[in-house]
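Please look through the structure below slowly, with the sequence beside it.

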Amino acid sequence: IIVRSNGAEDSHQVSNAGGNVSVSYVLPKKKDLFRAIGRVVSSYFSATSLQNRIDAGENPFDDDLKLSVILQELVGETVDGASDSQLIPRSAVLFTNMPTYVGDESFRVMRLSCTYGHGEAVVGDQGIPTDTILMVQTEKRPGEIYVVYDNQEKSMRLAPQRNRFTGKIDLVKFENPEVIVHERLFDDAMIARLFELGLLADRYFKGPTDIELVVKDDMIHVVQARPIIHTEQNPTY
């Protein structure tokens, strides 16, 4: 199970990215669950979480406390790594529109960053290569997607491993099977499905959306979505 924060999270006004923790690979036992829930709830009062909200102009103590958490089945690979490349998940972050790319133009540019293994390799600076896919929907031909695919050599991934001294499960670097090192993560059909998902998320959040997702067994699992908070950037010259 993964225990995720569901308290003072992201909104259209506040981006609390990295403020609240998630605890992965929790055994479905009362003691382990309660310990993980405690870690998540305590992170709501961490310096990072409170600072993110203060920096956005919010007083964290104005509202009632929000102490809920959410438990999800963890979509990933087996502890100590999967030997079959078909069982290795593909993790991605999808930005449904890049305001810094298009400005106030009427067309959109979606950006997908993706790699094999655990999603922490995409959202955190872990030194794991990621593919980058730009999907452009033009004003002239809105029914077509123009795809720019930057394919990287993906020799490593993050995967769970049990520490033989402590018994804890840590995310460590594993070598990828040779057969997938140079492969593109997503084919044209999956890219089209992810593009459609981005359009639906835009409609729901009424604007550009940041989506974390996992693809396994050809199924798209959305694990988190938040509005993209874009501040106007002025040139320095």
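Why does E144 count as partly exposed? E144 has a relative accessible area of 47%, and partly exposed covers the range between buried, which means under 20% relative accessible area, and exposed, which means over 50%, with a 1.4 Å probe and protein chains only. Before going further, note that this is a predicted model, in which local features need pLDDT of at least 70 and side-chain atom pairs count only at pLDDT 80 or more, while totals for chains, interfaces and linings use all residues. Residues are numbered from 1 along each chain as its sequence is written, and side-chain values use heavy atoms, with hydrogens and water left out.

E144 also forms a salt bridge with R141, and the closest N and O atoms of this pair are 4.0 Å apart. A salt bridge here is a side-chain nitrogen of Lys or Arg within 4 Å of a carboxyl oxygen of Asp or Glu, and by this rule the count comes to 6 salt bridges. Side chains of opposite charge can pair when their charged atoms come close.

Another of these pairs joins R157 to E77, with the closest N and O atoms 3.0 Å apart. Because R157 lies in strand β7 (residues 156-162) and E77 in the loop between β2 (69-72) and β3 (90-95), the pair ties together parts that are 80 residues apart in sequence; strands are DSSP runs of E with at least two residues, and helices are runs of H or I with at least four, numbered from the N terminus. R157 and E77 are both buried.

A salt bridge also links the side chains of K154 and D131, at 3.0 Å from N to O. K154 lies in the loop between β6 (146-150) and β7, and D131 in strand β5 (residues 131-137), so this pair ties together parts that are 23 residues apart in sequence. Both K154 and D131 are buried.

Turn now to F45, whose place is in the loop between α1 (30-43) and α2 (47-55). F45 counts as partly exposed because its relative accessibility is 42%. Together with L65 and L67, F45 makes a nonpolar surface patch of about 310 Å². Such a patch is made of residues with over 30% relative accessible area and no salt bridge, with nonpolar side chains (Val, Leu, Ile, Met, Phe, Trp, Tyr) joined within 5 Å, and the accessible areas come from the Shrake-Rupley method with a 1.4 Å probe.

Methods. Patch = residues over 30% accessible without salt bridge, like charges linked within 9 Å, V, L, I, M, F, W, Y side chains within 5 Å.
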